[in-house]
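The sequence and structure come first.

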Amino acid sequence: GHFPDSLAAALFTLGVTLLIFLPIITIFSMGISTGMEELKRVKKINVANGSTSSSDGTLDQMFASEPVQKVLVRFSKITNLDTTQTAKQLKEITGNLASRLGDVFTFIVGSIPQMLVMFSIFLFSLYYFLADGSRFIQVIRKYSFFPPLETEKLFKTFSGLCNSVILASVISGAVQAIIAVSVCFFAGVQQLTTIFLVVF
């Protein structure tokens with residue numbers, strides 16, 4: 001017999017929840033937790049008496065790494081600046097950036113309830129569009145202001161637009177994730193896989 005639309009929609013929505021949204025929320029939470037821990041380490045910077053030092057050596061280790069030292073040497077040759085002074089200034093900038101990122105993470109954590117509400121609305125809408133989608137389209141076709149041919153063209157155009165938006169989102173997300181992971185790799189940040197998934 002015919003598989004009920006409501007049951008199919010419910011199973012699909014449940015699958016989307018279990019296979020997509022729950023992993024996303026879990027990875028997002030892990031990423032926030034990891035990011036907050038990294039920021040706590042980096043933010044421990046003492047700028048008293050004009051000196052910049054990390055109490056746990058995080059920034060010192062990062063700037064002492066071979067890739068960063070190579071970049072600093074090349075930058076110093078181009079700008080005719082002292083490598084030590086350049087490193088000191090960059091440490092201060094990094095410390096300030098860590099403070100700013102802390103505020104960003106705090107904002108993101110505060111936005112989690114709103115995101116959960118948005119996810120709930122999306123899943124609710126997904127279920128009803130799947131369960132009653134054919135009737136919904138029939139109503140649009142019946143009461144459309146445009147001739148039938150133009151209405152079908154609108155459907156086709158909208159479908160292509162949705163596909164393009166999804167593809168563009170995936171590509172841009174992948175590029176941003178690769179850039180973020182590359183920066184974190186050179187900065188010596190751990191758990192690159194989690195960072196990639198969160199950014200993506």
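The structure holds 2 salt bridges, a salt bridge being a side-chain nitrogen of Lys or Arg within 4 Å of a carboxyl oxygen of Asp or Glu. This is a predicted model, in which local features need pLDDT of at least 70 and side-chain atom pairs count only at pLDDT 80 or more, while totals for chains, interfaces and linings use all residues. Residues are numbered from 1 along each chain as its sequence is written, and side-chain values use heavy atoms, with hydrogens and water left out.

**Salt bridges**

- Side chains of opposite charge can pair when their charged atoms come close.
- Arg135 and Asp132 are joined by a salt bridge with an N to O distance of 2.3 Å.
- Both Arg135 and Asp132 belong to helix 4, where they are 3 residues apart, about one turn of the helix; helices (H or I, at least four residues) and strands (E, at least two) are DSSP runs, numbered from the N terminus.
- Arg135 counts as exposed at 53% relative accessibility, whereas Asp132, at 27%, counts as partly exposed. Here buried means under 20% relative accessible area, exposed means over 50%, and partly exposed lies in between (1.4 Å probe, protein chains only).
- A salt bridge also forms between Glu152 and Arg141, whose closest N and O atoms are 2.6 Å apart.
- This pair links distant parts of the chain, with Glu152 in helix 5 and Arg141 in helix 4, 11 residues apart.
- Glu152 is partly exposed at 35% relative accessibility, and Arg141 is partly exposed at 43%.

**Aromatic pairs**

- The structure holds 7 aromatic pairs. Rings of Phe, Tyr and Trp (its six-membered ring) pair if their centres lie within 6.5 Å; planes under 30 degrees apart count as stacked, over 60 as edge-to-face and the rest as tilted.
- One of these pairs is Phe129 with Phe136, which is edge-to-face at 5.3 Å centre to centre, with 80° between the planes.
- Phe136 is partly exposed, its relative accessible area being 43%.
- Phe185 and Phe186 also form an edge-to-face pair, with 5.6 Å between the centres and 75° between the planes.
- Within this pair, Phe185 is exposed at 55% relative accessibility, while Phe186 is partly exposed at 47%.
- Phe21, Phe119 and Phe122 are linked into a cluster by ring pairs.

**Surface patch**

- Leu14, Leu18, Leu19, Ile20, Leu22 and Ile24 make a nonpolar surface patch of about 570 Å².
- Patches are made of residues with over 30% relative accessible area and no salt bridge, with like charges joined within 9 Å and nonpolar side chains (Val, Leu, Ile, Met, Phe, Trp, Tyr) within 5 Å. Accessible areas come from the Shrake-Rupley method with a 1.4 Å probe, and for residues only the protein chains shown count as cover.
- Ile24 is found in helix 1, which spans residues 5-42, and is partly exposed with a relative accessible area of 42%.

**Second largest pocket**

- The second largest pocket holds about 440 Å³ of space.
- It is lined by 15 residues, of which Ile24, Phe119, Leu197, Val198 and Phe200 are the closest to its centre.
- Helix 1, helix 4 (83-143), helix 5 (148-187) and helix 6 (192-199) are the elements that give two or more residues to the lining of this pocket.
- Helix 1 provides the largest share of that lining, 5 residues.
- On a 1 Å grid over the protein atoms alone, a pocket is an open set of points where a 1.4 Å probe fits, with protein on both sides within 12 Å along at least five of seven lines; lining residues have an atom within 4 Å of a point. Grid points are joined across faces, edges and corners, and a volume is the space filled by probe spheres set on the points.

**Overall fold and contacts across the sequence**

- The protein chain contains 6 helices and 2 strands, in the order α-β-β-α-α-α-α-α along the sequence.
- Of the 200 residues in the protein chain, 20% are buried.
- Ser33, in helix 1, is partly exposed with a relative accessible area of 36%.
- Ser33 and Val109 are separated by 76 residues in sequence, and their C-alpha atoms are 9.8 Å apart in space.
- Ser134, in helix 4, is partly exposed at 46% relative accessibility.
- Ser134 and Asp5 are 129 residues apart in sequence, with 9.9 Å from C-alpha to C-alpha.
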